[in-house]
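Trainee: Hi, could you walk me through this one? I'm new to it and would like to start with a single residue.

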Amino acid sequence: MVALALGKATGWSGGKTVTVFRASPVLPTTAPAEPVSVGPTAKPLAGNGFDPKLIYARRSPGVVTIYAQYGTDPASAQVRVAQGSGFVVSRNGYILTNSHVITNAGDGSTAHGADRVFVEFQDRDRAPARIVGWDIFDDVGLVKVEPSAHRLTPVPLGNSAAVSVGEPVAAIGSPFGNENSLGVGVVSATHRSIDSLTSSYALVDAIQTDAPINHGNSGGPLFDARGRVIGINAQIDSSTGTARGVGFAVPIKSARRSMEQLIAGGSVSYAFVGVTTEDLTPALARHFGYPVDRGAVIATVRSHSPAADAGLRGGSGRDFYLGTEFVKGGDVIVALGGHPVRSSEDVVRIVTDALSPGQRTYITVVRHGARVQIPVTLTQRPTEP
């Protein structure tokens with residue numbers, strides 16, 4: 001089920017998911033890099049080949065190790081220090097990382113930032129950092145150091161929408177505290193929906209990679225062949241806590257959106273509809289008698305939500321077919337805000353990327369064989385779906 005609010009409403013994975021990585025697509029050499037809005041960055045590397053040695057030489061100075069301290073008395077046994085990675089995106093001192101690196105998000109309580117944050121550069125010199133803000137929904141964090149504190153080497157941001165399976169990638173970070181370590185691999189899948197480490201919503205459009213990612217890599221960059229950041233390392237899927245060839249990264253497009261909102265106002269804003277949905281496939285459509293073969297079937301409608309106020313209808317019963325459980329009888333969303341919908345992920349993606357809280361839009365559903373266009377006014381996404 002997918003929380004139309006903006007991600008699938010799922011629980012924790014019983015310890016299966018481990019902090020590490022969530023990236024975005026690898027850019028083909030012909031695709032232009034997205035402009036960086038926060039300041040000048042380095043140019044893409046020349047050439048059409050994949051040269052990990054060159055990527056490391058040119059980009060590692062812009063990758064940092066982040067230490068987040070909880071508690072203010074260094075001599076106290078209550079002080080806890082968490083370690084992760086990050087990367088410089090602006091000569092103004094902005095550094096991107098994961099929200100779970102600089103906050104307690106995901107521990108079951110209200111998220112709050114670390115009491116102190118320190119950034120360690122490649123030459124082992126350190127500088128204090130200020131937390132600008134965080135986004136628990138997409139697991140993005142932003143800190144800032146004073147430009148005068150250390151020479152800054154920003155890395156260029158790429159285009160995560162241009163990724164394709166099989167393209168080579170390089171991850172730089174500090175696994176297990178081993179600063180500026182290089183890992184290489186390929187993009188092994190795209191558009192993954194994965195359980196979030198920091199919220200009750202799922203991360204949509206995560207990029208899967210077989211590059212070795214481990215504890216401490218969280219928040220570090222995933223580079224394409226031309227040395228452009230295409231994602232932020234966020235998670236691994238592992239029962240042991242070590243890399244097993246299934247890592248995930250936050251696409252840089254999502255991270256950029258979060259970063260720009262955090263710089264502008266210190267917080268992020270997400271639209272909310274208030275339904276959960278299930279994918280409608282051709283086989284399910286034929287079996288249950290739907291007149292369309294693709295879409296997002298509404299399973300439940302949250303009380304007092306925009307969906308409930310608009311009169312959207314959820315399913316009326318559960319059934320099993322082809323080895324899977326399906327909630328039948330609900331409205332089938334086939335378009336949202338003028339964008340076609342063919343799956344639950346499409347709904348989440350549209351609400352996240354194309355719509356805003358307070359906006360009035362239209363949801364096109366198939367109900368009792370007829371297409372109905374329903375107006376709905378979106379609200380701000382709640383912390384819990």
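**Starting from one threonine**

Mentor: Happy to! Threonine 209 is found in strand E11, which covers residues 202–209. Keep in mind that this is a predicted model.

Trainee: Is threonine 209 buried or exposed?

Mentor: Threonine 209 is buried, because its relative accessible area is 0%, and buried means under 20%.

Trainee: What does the side chain of threonine 209 reach?

Mentor: Two backbone atoms are worth a look. The side chain of threonine 209 reaches the backbone oxygen of valine 186 at 2.8 Å. It also reaches the backbone nitrogen of alanine 211, at 3.1 Å.

Trainee: And how far apart are threonine 209 and asparagine 233?

Mentor: They are 24 residues apart in sequence, and their C-alpha atoms are 9.9 Å apart in space. Asparagine 233 stands opposite alanine 249 in strand E14.

Trainee: Which strand does E14 pair with, and how many bridges join them?

Mentor: E14, residues 247–251, is joined to E13 by 5 bridges, and the two run antiparallel. E13 also has 3 bridges to strand E12 (residues 221–223), again antiparallel. In that pairing, leucine 222 stands opposite glycine 231.

Trainee: What lies between E12 and E13?

Mentor: A turn: the two strands form a hairpin with 5 residues between them. Glycine 227 in the turn has a positive phi of about 75°.

Trainee: Why is E13 described as largely enclosed?

Mentor: Because 8 of its 9 residues, in the stretch 229–237, are buried, E13 is largely enclosed by the rest of the structure.

Trainee: Let's switch to the core. Which residues have the most contacts inside the largest nonpolar core?

Mentor: Phe87, Leu96 and Phe223 do, in a core of 30 residues. Strands E5, E8, E9 and E13 and helix H3 each supply at least two of its residues. H3 gives the most, with 4 residues.

Trainee: What does phenylalanine 223 touch?

Mentor: Leaving out residues up to four places away in sequence, its contacts include Ile55, Val63, Val155, Pro168, Ile172 and Val229. Apart from this core lies another one of 19 residues, including Ala271, Ala307, Val347 and Leu355.

Trainee: What about helix H6, how many of its residues are buried?

Mentor: For H6, residues 344–354, the count is 8 of 11, so this helix is largely enclosed by the rest of the structure. Among the buried ones are Ser344, Glu345, Asp346 and Val347.

Trainee: Can you zoom out for me? How many helices and strands does the protein chain have?

Mentor: The protein chain has 6 helices and 24 strands. Of its 385 residues, 54% are buried. Among contacts with a separation of 6 or more, 68% come from residues 24 or more positions apart.

Terms used
Residues are numbered from 1 along each chain as its sequence is written. This is a predicted model: local features need pLDDT of at least 70, side-chain atom pairs count only at pLDDT 80 or more; totals for chains, interfaces and linings use all residues. Side-chain values use heavy atoms; hydrogens and water are left out. Buried means under 20% relative accessible area, exposed over 50%, partly exposed in between (1.4 Å probe, protein chains only). Two strands pair if DSSP finds at least two bridges between them. A nonpolar core is a set of buried Ala, Val, Leu, Ile, Met, Phe, Trp, Tyr and Cys residues joined through side-chain atoms within 4.5 Å. Contact means heavy atoms within 4.5 Å. A polar contact is a pair of N or O atoms within 3.5 Å; within protein, one must be able to donate a hydrogen and the other to accept it, and residues adjacent in sequence count only if both atoms are side-chain atoms.
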